[in-house]
Amino acid sequence: MGRTENPVVRKVPAVGRLADFQRTWRATAGLTYEDLARATGWSAATLRNAASGRRPPRRDVVRDAVTHCGGPEQETIDLWRQARYHQRLADRPRPQAPAAHLVRTVVDLAALVEELYEKNGAPSMSEMEHRTDGRLGHSTAHRLVTKRTIPADRDQFAAFLDAVEVHEPLRSQCVQAWDRVITLNGPVRIQRKVPHLWRLRQELDALRTVFWWPRWAPCAWPPGP
């Protein structure tokens, strides 16, 4: 007879729902954590912690735990992504990105790229590179998800969308957003209008105002819209 479990932690509701889902399927299968450990290869302590609600577990842990109990794999992964997304948002709050059909600027596009990455559960850079068979390199993936740059062309954006598993109809909306930003900003200037450079420009302009610096070319770059 398994020991009595502690109540599910519900500090982040989405994480609590994932824990409930795991516990429900384990109870339905009539398995203890020790039984499940023997079936999956994960330790009983790992499986018990995964269903505690304290933090989102690893994706493969929760997938194995539920599917070995007869549960649905895709629903499990969807719940895991939601749990991971809301946990990371609770850990590091950020402004909400615009919907794909509302993207107009480079800043909007960079925020959309970050949001797509987070909604996929924030996979590692190595995992993103693996999912695309090397079409999206480790360093490029890191620069994209940290908003240090935006996709250079359609092919790179397609590779990114593959890496974060974006499917139709959202995929087409995202490609249209990229096309719209290119049309509004131009193919050359767009690569220069990275969000952190805009912040640098604002800081330089503020310093010039305080100290009455003469207007010089670098402060006026990148050009305004």
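What span should the 17 residues of helix H1 (residues 13–29) have, and how far apart are its end C-alpha atoms? Keep that question in mind while you look over the whole chain, which is a predicted model.

Begin with the complete chain in cartoon view, where you will find eleven helices and zero strands. Of its 225 residues, 42% count as buried, and the accessible surface comes to about 12600 Å², of which 55% belongs to carbon and sulfur atoms. Among the contacts with a separation of 6 or more, 61% are accounted for by residues 24 or more positions apart.

Next, select residues 13–29, which form H1. At 1.5 Å a residue, this helix should span 24 Å, and because its end C-alpha atoms are 25 Å apart, the two values agree. Now show the side chains of its buried residues, which include Ala14, Val15, Leu18, Ala19 and Phe21, together with Gln22, Arg23 and Arg26. Just after H1, pick glycine 30, which takes a positive phi of about 70 degrees.

Then move to helix H5 (residues 73–91) and helix H6 (residues 106–119), whose axes come within 8 Å and cross at roughly 125 degrees; the two helices are therefore oblique to each other. To see where they touch, select Arg81, Tyr85 and Arg88 in H5, which meet Glu115, Tyr117, Glu118 and Lys119 in H6. Sorted by class, this contact has five charged residues, two nonpolar ones and no polar ones.

Conventions: Residues numbered from 1 in each chain as written. Predicted model: local features only at pLDDT ≥ 70, side-chain atom pairs only at ≥ 80, totals over all residues. Heavy atoms only, no water. Axes fitted to C-alpha atoms, helices over the stretch in contact; angles between N-to-C directions. Helix = DSSP H or I, 4+ residues; strand = E, 2+ residues; numbered from the N terminus. Parallel < 35°, antiparallel > 145°, perpendicular 65-115°, else oblique. Contact = heavy atoms within 4.5 Å. Nonpolar A, V, L, I, M, F, W, Y, C, P; charged D, E, K, R; others polar. Expected span 1.5 Å × (residues − 1). Buried < 20%, exposed > 50% of the residue type's maximum accessible area, 1.4 Å probe, protein only. Areas by Shrake-Rupley, 256 points an atom, 1.4 Å probe, with all protein chains shown as cover.
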